[in-house]
Amino acid sequence: MILTLTANPSIDRTITLTGPLERGAVLRAASMTSQAGGKGVNISRAAVAAGVPTVAVLPAGADDPFVAELSAAGIACRPQEPAGPVRVNLTITEPDGTTTKINNPGAAVERRHLDLLAAAVVELAAQATWVVLAGSLPPGAPAGWYAELVGRLRETSARVAVDTSEAPLAALAEALPAAAPDLMKPNGEELATLTGADAEALEVDPRAAAVAAQELTAQGVGAVLVTLGGAGAVLVTGEGAWHAPAPPTTVVSTVGAGDSSLFGYLLGTERGLSLDRALALAVAYGSAAASLPGTTIPRPEDVDAAAVTPTRLDLARR
């Protein structure tokens, strides 16, 4: 079972434009969609589509339409007392796939709200193969809360994956190795902020991204999956490093592509795939998501892992 925690869920509204985004202009929308979302929720959606058991922990009222939508989609939820209404995030997608996101901060939490979420996750972890801590933290949460929770989860039998950014990501890195998760999934820019590397260089040079990711595995992180957009992804573990380029893809929307990549890797481990083939599945899932509109999460029939060929990277070479 894949257990997900979305500490700051969102209603994701996506507007697809008929032409380029222009500041100050009157624009036409081709469509608008709305979906209960958040990074952990997206991973649970992908799990349901792939037939993998999942439970989503999140702050919302049990009778909230947000929870009802997820339940209707087949996602088992463990809602906890919220600090306020679920936030609304807006995504604007242009015809060429360029995406602009406007994210609201969410309701400010108190410590008791975080304690309820943590207690639910730790309780359910005994039934999980993976626990995924994903997305931003709400206002009022200390930046080190994920790191604190990883420390507690390391005492359970579940493996822990973390996908976050900004202050929570920096706090997690500062807490290594005591709070080292089994998996971290930064993108190139996030990895650069942790290691002091040049973000643009990492996005175009998989080997440079792998070398930077080694700094995290050297501090106890089990595996680092670095998503690089059109350049695919890099995986670094204690056993080696691999790069998998993205297959040819017509990009429609990049929203949810990183979440899908993370799920693809988790699915590969659930299936007992080798590390390089788990990476291939991650890239195939991310590419499939990028080819779909809005926040659409790919189903297994959308994914072609055979089209992705990973190669091993020699990080000892100068």
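This is a predicted model: local features need pLDDT of at least 70, side-chain atom pairs count only at pLDDT 80 or more; totals for chains, interfaces and linings use all residues.
**Stop one: two helices**

Begin by selecting residues 188–195, which form helix α6, together with residues 206–217, which form helix α8. Two packed helices are described by the angle between their axes and the distance between the axes. Here the angle is about 55° and the axes lie 10 Å apart, and α6 and α8 are therefore oblique to each other.

Which residues make the contact? On the α6 side, show L191, L194 and T195, and on the α8 side show A209, A212, A213, E215 and L216. The residues of this contact of α6 with α8 divide into six nonpolar, one polar and one charged.

Side chains of opposite charge can pair when their charged atoms come close. The count for this model comes to nine salt bridges, and the tour visits some of them.

Select D259 and K39, which form a salt bridge whose closest N and O atoms are 2.6 Å apart. D259 belongs to helix α9 (residues 257–270) and K39 to helix α1 (residues 39–49), so this pair ties together parts that are 220 residues apart in sequence. Is D259 buried or exposed? D259 has a relative accessible area of 5% and is buried, whereas K39, at 27% relative accessibility, counts as partly exposed.

**Stop three: a strand and a helix**

Next, select E123 and R78, a salt bridge in which the closest N and O atoms are 3.6 Å apart. E123 lies in helix α3 (residues 111–125) and R78 in strand β5 (residues 76–80), so the pair ties together parts that are 45 residues apart in sequence. E123 counts as partly exposed at 48% relative accessibility, and R78 counts as partly exposed at 28%.

**Stop four: α3 again, now with α4**

Now select E148 and R111, whose side chains meet in a salt bridge at 2.6 Å, N to O. Because E148 lies in helix α4 (residues 145–153) and R111 in helix α3, the pair ties together parts that are 37 residues apart in sequence. E148 is partly exposed, with a relative accessible area of 38%, and R111 is partly exposed, with a relative accessible area of 37%.

Terms used. Residues are numbered from 1 along each chain as its sequence is written. Side-chain values use heavy atoms; hydrogens and water are left out. Axes are lines fitted to C-alpha atoms, for helices over the stretch in contact, and angles run from 0 to 180 degrees between N-to-C directions. Helices (H or I, at least four residues) and strands (E, at least two) are DSSP runs, numbered from the N terminus. Angles under 35 degrees count as roughly parallel, over 145 as roughly antiparallel, 65 to 115 as roughly perpendicular and the rest as oblique. Contact means heavy atoms within 4.5 Å. Ala, Val, Leu, Ile, Met, Phe, Trp, Tyr, Cys and Pro count as nonpolar, Asp, Glu, Lys and Arg as charged, and the others, Gly among them, as polar. A salt bridge is a side-chain nitrogen of Lys or Arg within 4 Å of a carboxyl oxygen of Asp or Glu. Buried means under 20% relative accessible area, exposed over 50%, partly exposed in between (1.4 Å probe, protein chains only).
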